[in-house]
Amino acid sequence: MSEPLLDVRDLRTEFVTDDGIVRAVDGVSFTVEPGQVLGIVGESGSGKSVTCLTVMGLNDRKLSRSTGEVLFRGQDLLHASGHRLREVRGNEIAMIFQDPMTSLNPVHKIGRQLAEAVLLHQDVSRKQAYERAREMLKAVGIPRAERRIDDYPHQFSGGMRQRVMIAMALINNPDLIIADEPTTALDVTTQAQILALLKRLQEDFGSAVILITHDLGVVAETADDVMVMYAAHIVERGPVRAIFNEPRHPYTWGLMGSLPRLDVNVERLYQIPGQPPSLLNPPAGCRFHPRCAYAMPVCREKEPRLTLVPGDPDHAQACHLDEETKRREAAALLAQITAGAAT
Amino acid sequence: MARYLVRRFLWACVLFIAVTFVTYVIFFVVPANPARLAAGQSATPERVHEVEKFLGLDQPFYVQYLKFLKRLVLEGSMGQSFVTRQSVNEEILRAAPITASLVFGAMILVLSISIPLGIFSALRPRSLLDRAAMIYVLIGISLPSFWIGLVLSYLVGFRLGWTPIAGYCEVFSVPEAAACGGLWDWAYHMILPCLTLAMVVAGTYVRFVRAEVMDTLNMDFVRTARAKGAPERTVIRTHVLRNAMLPVVTMVGMDIGLLLGGAIFIEAVFGLNGLGGTALESIGRFDLPVLQGVVIFGAVAIIIFSLVVDLLYAWIDPRIRLT
């Protein structure tokens with residue numbers, strides 16, 4: 001296999017707050033290959049967004065510290081100069097944010113905001129930049145793009161604004177797109193359209209995508225690989241099929257059990273008991289043990305390491321449970337879900 | 001747009017009538033007789049009654065008010081002073097440029113001090129400059145304007161002798177008897193009063209600009225701009241400033257309107273016979289027409305500046321539509 005596009009090694013990010021130091025990302029390593037779609041799943045505050053903002057160098061430098069390596073095409077971005085970072089941002093790595101209602105500048109026409117992205121990175125005339133903006137608006141499916149280029153963000157609906165954000169992210173044909181919960185703020189029908197659009201453009205442009213979400217359903221539809229994060233750690237990662245067919249971590253089981261289903265008649269929606277831990281003072285041992293139904297004495301003392309699942313070189317998990325129990329429990333959970341689907 | 005302006009104008013008329021009417025009512029509630037004052041101390045009761053009749057004070061106040069309105073609308077005249085028999089229009093026209101010089105001069109200084117200072121403080125919070133600016137803000141807000149005025153006029157005007165201590169010079173149509181005149185003398189006399197007023201007002205503005213810029217810096221679209229790869233200078237200039245300045249525009253407009261009616265302390269300290277002094281004098285003499293003239297001027301100024309603010313706002317912020 002060739003060199004990965006993005007190689008994150010032992011990334012740690014801390015924020016200095018009034019209450020102490022919050023370690024929002026703690027020893028995270030992963031790679032993204034060219035053209036790959038990686039889904040990062042986890043609850044709010046699990047560190048998935050901070051991981052990506054750190055990759056982009058968008059954390060407030062005064063309030064945060066990061067260590068480790070972020071190798072983009074072999075070059076470390078974490079220690080790159082501000083100038084080099086700006087060259088990469090929006091050009092080689094682009095980002096789509098969660099809330100399209102607030103992510104566009106309300107006082108500038110969208111044409112100007114799109115063209116700005118082009119002019120920052122390419123040596124073209126304003127006219128060519130606007131031409132490119134028009135093309136991209138058409139590509140993301142905005143009707144009457146020629147006229148709408150002169151509209152302001154407030155004249156677009158949420159879904160249309162997210163299309164504009166996607167157009168802005170793709171306008172310089174980046175190698176990597178980081179989409180931070182791109183559909184969370186949208187209504188359900190629009191969510192599906194935006195995901196389909198993202199998937200189609202990703203294939204057309206051949207960009208790699210990191211898709212951050214808390215929605216396993218979104219990941220199942222779009223991602224090649226999945227990384228499950230809990231309390232600043234990676235607890236499980238692997239190809240999407242492995243995660244969905246043979247989940248190996250109790251937290252992943254919990255996420256799968258929490259998926260609401262129309263076809264299953266349950267009295268109450270399953271939920272993982274308790275709250276995610278405070279990162280100011282995370283629990284010792286396995287961070288999930290206070291909420292885990294399978295917790296053993298060892299979980300309170302020893303932190304489980306991310307290890308490969310026997311027989312699958314791509315699938316890794318961090319749990320002390322023995323392989324036999326995990327296999328049995330995962331099979332039982334899947335049986336329950338499929339049985340629910342059958343009735 | 002045309003509909004908006006028509007509606008705005010009608011509202012202005014309603015506001016105008018309300019303000020002037022209230023002035024009339026208050027004036028007639030006060031138990032004093034302007035006629036007695038106008039007639040002089042040794043006047044006989046018959047003489048006072050004559051003066052009353054001459055000034056129209058023998059009629060009920062609503063009749064007087066309607067007469068006042070009629071004269072204003074038909075002749076564009078605000079009447080004559082009870083005391084000096086001078087035209088109120090002329091009196092206001094004499095006093096207004098003085099106050100306007102003070103207020104606009106001060107506003108220009110306020111903005112040129114507070115916008116850069118506010119922006120720098122916001123960009124480097126807790127830095128030395130930020131802390132120094134915040135101390136200045138505290139001083140500016142706490143100290144009374146007349147005190148700052150007196151200290152400045154003593155230090156800069158008297159001890160250093162850099163500026164005149166008091167007085168005003170006309171720019172245009174300088175009277176022959178005047179000791180000074182022209183643009184240079186005008187600016188030379190106005191610099192200290194303007195600076196004083198600016199020092200008082202700028203504190204609030206520095207705080208305000210700083211808060212707005214800091215707020216805007218945390219907006220999602222600023223992060224978007226950074227994610228595009230825009231250098232920090234561009235981010236501030238094209239994405240932060242315009243959004244942060246929107247509320248400042250409103251505040252400037254409101255304050256100009258307000259100050260035009262009442263920068264009286266500073267006028268008094270620097271011997272500027274502007275609208276504030278005129279108002280105070282006319283209240284002391286129960287000179288209703290002149291007082292009414294000042295009220296009208298203030299009300300019109302506020303109405304005009306709030307309209308200007310709204311138009312400006314709609315021009316800067318595309319989300320606002322005037323309907």
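Which strands of chain A does helix H1 (residues 48–56) lie across? In this predicted model, helix H1 of chain A lies across S3, S6, strand S7 (176–180), strand S8 (208–213) and S9, and runs at about 145° to S7(A).

These strands belong to an open sheet of eight strands in chain A, with the order S6-S7-S8-S3-S9-S10-S12-S11 and mixed pairing. Its edges are formed by strand S6 (93–96) and strand S11 (307–309) of chain A, each of which pairs on one side only. From one strand to the next, the twist averages 25°. Within this sheet, strand S3 (residues 37–41) of chain A runs parallel to strand S9 (residues 225–230) of chain A, and four bridges join the two. A:Val41 is placed opposite A:Val228 in S9(A).

A further open sheet in chain A consists of four strands in the order S2-S1-S4-S5, with antiparallel pairing. Strand S2 (20–32) and strand S5 (75–76) of chain A are the edge strands, each pairing on one side only. Strand S1 (residues 6–17) of chain A pairs with S2(A) in the antiparallel sense over ten bridges. A:Leu6 has A:Val32 in S2(A) as its bridge partner.

Taken as a whole, chain A contains twelve helices and twelve strands. Its radius of gyration is 21 Å, close to the 20 Å that the globule rule gives for 343 residues, so chain A is as compact as a globular protein of that length. The C-alpha trace of chain A spans about 65 × 50 × 45 Å along its principal axes. Of the 343 residues, 43% count as buried. Among the contacts in chain A with a separation of 6 or more, 64% are between residues 24 or more positions apart.

Definitions and conventions
Residues numbered from 1 in each chain as written. Chains lettered and ligands numbered in written order. Predicted model: local features only at pLDDT ≥ 70, side-chain atom pairs only at ≥ 80, totals over all residues. Pairing = 2+ DSSP bridges. Rg over C-alpha atoms; globule rule 2.2 N^0.38 Å. Buried ≥ 20, exposed ≤ 12 C-beta atoms within 10 Å, placed from the backbone. Contact = placed C-beta atoms within 7 Å. Axes fitted to C-alpha atoms, helices over the stretch in contact; angles between N-to-C directions.
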